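Please open the model in your viewer and keep the selection panel at hand.

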Amino acid sequence: MLHCVKLVLCLTFLSCEAHVIRSKDSADASNVFGLTGLAKNNATDATFMQGDIAMPKQDGRTAFIRSSKWPDGTVPVEFDSSYSTAQKNIIIGAMSEITKNTNNCIRFVWRTTNHPVWLRIFPGQGCWSYMGKAMQKGPQDLSLQIPGCVHHQVALHEFIHALGFVHEQTRPDRDQYVRIQTQNIVSGQDHNFDVFSRTDTNMLGLPYDFGSIMHYRSDAFSSNGRPTIVPTTSVGKSWESRMGRGEKMSALDIQKLKKYYSCS
Ligand SMILES: [Zn+2]
């Protein structure tokens, strides 16, 4: 049974690339980060929307989920034992950025037996997350493949998905800010550029953010290296080469997270 999607669209950027070398491998359709050497995003019990957002499978087909907040802004987490201390510290750094920027309103705590649902950070195939609190019980997976996904900005992006946000350029109003160059998109990947309807999304009354850590790069899913997303506003044009390449939350990312979680 399909449920409506109640997404909080918007928050911010998909940057993810800073230290990453691009190559033809980046044409991997499931890799929205421009990262190389990664497995295609894959999960046994999920299918994928927009490249790196996992959707639970139900009765053999994809089911949209209603994005839920983590109660009290508290996200229990546990690490798979495969990560080294240095790798865990990189990932913890991303959590710390969220907590610090929200003035401790959104917190990550170690999972205990009292937590019915928790984020299990594990090195699966690719970099991906569910959107919001998607499970009723047990672990909710967030994959950060070793070593390709263990970067601060990638972990940050995936945690913000896990907090309930989708990609910035899927906002219902995105065509006022960017033009999608469908002729440059890898065949069969057009769905990654779908927009959500106003009834299914919550833009939180805050503006479009070219600098969001939840925004795609200008060449996301490009078949030929040419842009798939071209900003059309004067502000946007100044962002064209930087979209999706930031390493931290933008000011609007922070505002949106705080507003969604009713932070003071
Ligand atoms: Zn993403």
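Select Gly164 to begin: just after helix H2, this residue takes a positive phi of about 125°. Helices and strands in this tour are DSSP runs, a helix being a run of H or I of at least four residues and a strand a run of E of at least two, and they are numbered from the N terminus. Before you go further, note that this is a predicted model, in which local features need pLDDT of at least 70 and side-chain atom pairs count only at pLDDT 80 or more, while totals for chains, interfaces and linings use all residues. Residues are numbered from 1 along each chain as its sequence is written.

Now select helix H2 itself, residues 152-162, where 10 of the 11 residues are buried. Here a residue is called buried if 20 or more other C-beta atoms lie within 10 Å of its own, exposed if 12 or fewer do, and partly exposed in between, with the C-beta atoms placed from the backbone. The buried residues of H2 include Val154, Leu156, Phe159 and Ile160.

Within helix H2, pick out Glu158. Is Glu158 buried or exposed? Glu158 counts as buried because it has 26 C-beta neighbours inside 10 Å. Leaving aside its neighbours within four places in sequence, Glu158 is in contact with Cys127, Trp128, Ser129, Leu142 and Leu144, where contact means that the C-beta atoms of two residues, placed from the backbone, lie within 7 Å. An unreviewed UniProt entry places the feature "active site" at Glu158; UniProt positions are given in the numbering used here, feature names are shortened, and annotations may be inferred rather than shown by experiment.

Two packed helices are described by the angle between their axes and the distance between the axes. H1 and H2 pack at an angle of about 55°, with their axes 8 Å apart; the axes are lines fitted to C-alpha atoms, for helices over the stretch in contact, and angles run from 0 to 180 degrees between N-to-C directions. The two helices H1 and H2 are therefore oblique to each other, since angles under 35 degrees count as roughly parallel, over 145 as roughly antiparallel, 65 to 115 as roughly perpendicular and the rest as oblique. On the H1 side the contact is made by residues including Ile90, Ile91 and Ala94, and on the H2 side by His152, Ala155, Leu156 and Phe159.

From here, turn to the nonpolar residues. In soluble globular proteins, nonpolar side chains tend to be buried together. The largest nonpolar core has 40 residues, and those with the most contacts inside it are Leu144, Phe159 and Leu163; such a core is a set of buried Ala, Val, Leu, Ile, Met, Phe, Trp, Tyr and Cys residues joined through C-beta atoms within 7 Å. Select Leu163 and you will find that, apart from neighbours within four places in sequence, it is in contact with Trp70, Ile106, Gly132 and Leu257. A second, separate core of 12 residues includes Phe210, Tyr216, Ile229 and Met243.

Move on to strand S4, residues 74-79, and select Phe79 there. Phe79 counts as partly exposed because it has 18 C-beta neighbours inside 10 Å. Although Phe79 and Trp110 are 31 residues apart in sequence, their C-alpha atoms are 9.1 Å apart in space.

The last stops concern the backbone. Most residues other than glycine have a negative phi, and most peptide bonds are trans. In the loop between S8 and H2, select Pro147, and look at the peptide bond from Ile146 to Pro147, which is cis, with omega near -5°. Asp72, in the loop between strand S3 (61-62) and S4, has a positive phi near 60°, and Asp72 is exposed, with 10 other C-beta atoms within 10 Å. Finally, in the segment after H4, select Ser262, which has a positive phi of about 50° although it is not a glycine.
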